[in-house]
Amino acid sequence: MLKITDLSKRFGKQTILQNISVDIPNNQITGLIGPSGTGKTTLIKCLMGMEKYDTGSVTINNVTIPNRKILNNIGYMAQSDSLYHDLTGLENIQFFAHMYKRRMSEKSVQSTLNLVQLAQEQNKFVQHYSGGMKRRLSLAIALLNQPEYLILDEPTVGIDPVLKLNIWDRLHELKKNSTLLITTHIMDEAMKCDQLLLMKNKGIAASGTPQEILETFQVSDIDQVFLELEEKEHENASLN
Ligand SMILES: Nc1ncnc2c1ncn2[C@@H]1O[C@H](COP(=O)(O)OP(=O)(O)OP(=O)(O)O)[C@@H](O)[C@H]1O
């Protein structure tokens, strides 16, 4: 289990994350959602050891991370693509497979390319890819390592609706062997997660299955939960 305990993070004088404690259960898709700028990417970067947190701890199966050994078991897809633009899509896949020391059969390379619908474009240089194609290639690369933990920062931005559905089907298949943490702005995607963490005001304002959260707030969609939270905040502010 991925366990975050009392984690806080500041940039200069600005506190971004304050005393966050949360458990991310194994073999489930946990969705991290919240308004832009609430610190979702920062939290993920803290988990990956890409940002140093100021206080608290992050552990996977009781081992404090970042830990080099455990990092090999984490697949990460960042918002900004880190692809080699002078290589083709196929060469990027081969390069990263080599880096992960994975021997991939031609068949599994092609099925990964098929999943993200890049089979036809695999021999094109990435510099000639559209934004959506680069996202799809990054997603394919994050999936290559068949990691125990898969952390995806807005994986379906710029991806058309039909492909999005295929990708979500695949993510649900992957959870048999992996634990997934996904950030999203898209509320119908939030409903496809097994668990949600709603981020607001430097912390987790609500958590549970999508259905549990809707029932707790007596609303019919997750956007309304954020509106309710906002209203409560105004009420509290006017009382003080
Ligand atoms: N390296 C940095 N230095 C200073 N401030 C930063 C840095 N990285 C992020 N921030 C600030 O931290 C806050 C949270 O940013 P973050 O990218 O984590 O939000 P987010 O919830 O992922 O947003 P979005 O949904 O728009 O991607 C923002 O106010 C941002 O400006």
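Biologist: Which residues of H5 are buried in this model?

Modeller: In this predicted model, the buried residues of H5 are Met133, Lys134, Arg135, Arg136, Leu137, Ser138, Leu139, Ala140, Ile141, Ala142 and Leu143.

Biologist: What makes H5 mostly covered?

Modeller: Eleven of the 14 residues of H5 are buried. The elements that cover them include strand E6 (74–77), strand E7 (149–153), helix H3 (89–99), helix H4 (106–115) and helix H6 (161–174).

Biologist: How do you know that the span of H5 is close to the expected one?

Modeller: Helix H5 covers residues 131–144, and its first and last C-alpha atoms are 20 Å apart. The expected span is 1.5 Å times one less than the number of residues. For the 14 residues of H5 that expectation is 20 Å, and the helix is close to it. Just after H5, Gln146 has a positive phi of about 40°.

Biologist: Trp168 lies in helix H6. Why is Trp168 called partly exposed?

Modeller: Trp168 has 18 other C-beta atoms within 10 Å. Buried starts at 20 and exposed ends at 12, so a count in between is called partly exposed. Trp168 therefore falls in the partly exposed class. The C-alpha atom of Trp168 is also 8.4 Å from that of Glu189, 21 residues away along the chain.

Biologist: Why are E2 and E5 said to stand at the edges?

Modeller: The open sheet has four strands in the order E2-E1-E4-E5, paired antiparallel. Strand E2 (14–24) and strand E5 (63–64) each have a single partner strand, so one side of each has no neighbour in the sheet.

Biologist: What makes E1 and E2 a pair?

Modeller: Pairing needs at least two bridges. Strand E1 (residues 2–11) is joined to E2 by seven bridges, so the two strands meet that condition. They run antiparallel, and Phe11 stands opposite Gln14 in E2. H1 lies across E1, E2 and strand E4 (55–60), at about 65° to E2.

Biologist: Which residues surround the ligand?

Modeller: Phe11, Ile16, Gly34, Ser36, Gly37, Thr38, Gly39, Lys40, Thr41 and Thr42 do. Helix H1 (residues 40–48) supplies the largest share of this shell, three residues.

Biologist: How do the residues of that shell divide into nonpolar, polar and charged?

Modeller: Two are nonpolar, seven polar and one charged. Phe and Ile count as nonpolar and Lys as charged, while Gly is placed among the polar residues. Phe11 and Ile16 are therefore the nonpolar ones, and Lys40 is the charged one.

Technical notes. Residues are numbered from 1 along each chain as its sequence is written. This is a predicted model: local features need pLDDT of at least 70, side-chain atom pairs count only at pLDDT 80 or more; totals for chains, interfaces and linings use all residues. A residue is near a molecule or strand if its C-beta atom, placed from the backbone, lies within 6 Å of it. Two residues are in contact if their C-beta atoms, placed from the backbone, lie within 7 Å. Axes are lines fitted to C-alpha atoms, for helices over the stretch in contact, and angles run from 0 to 180 degrees between N-to-C directions.
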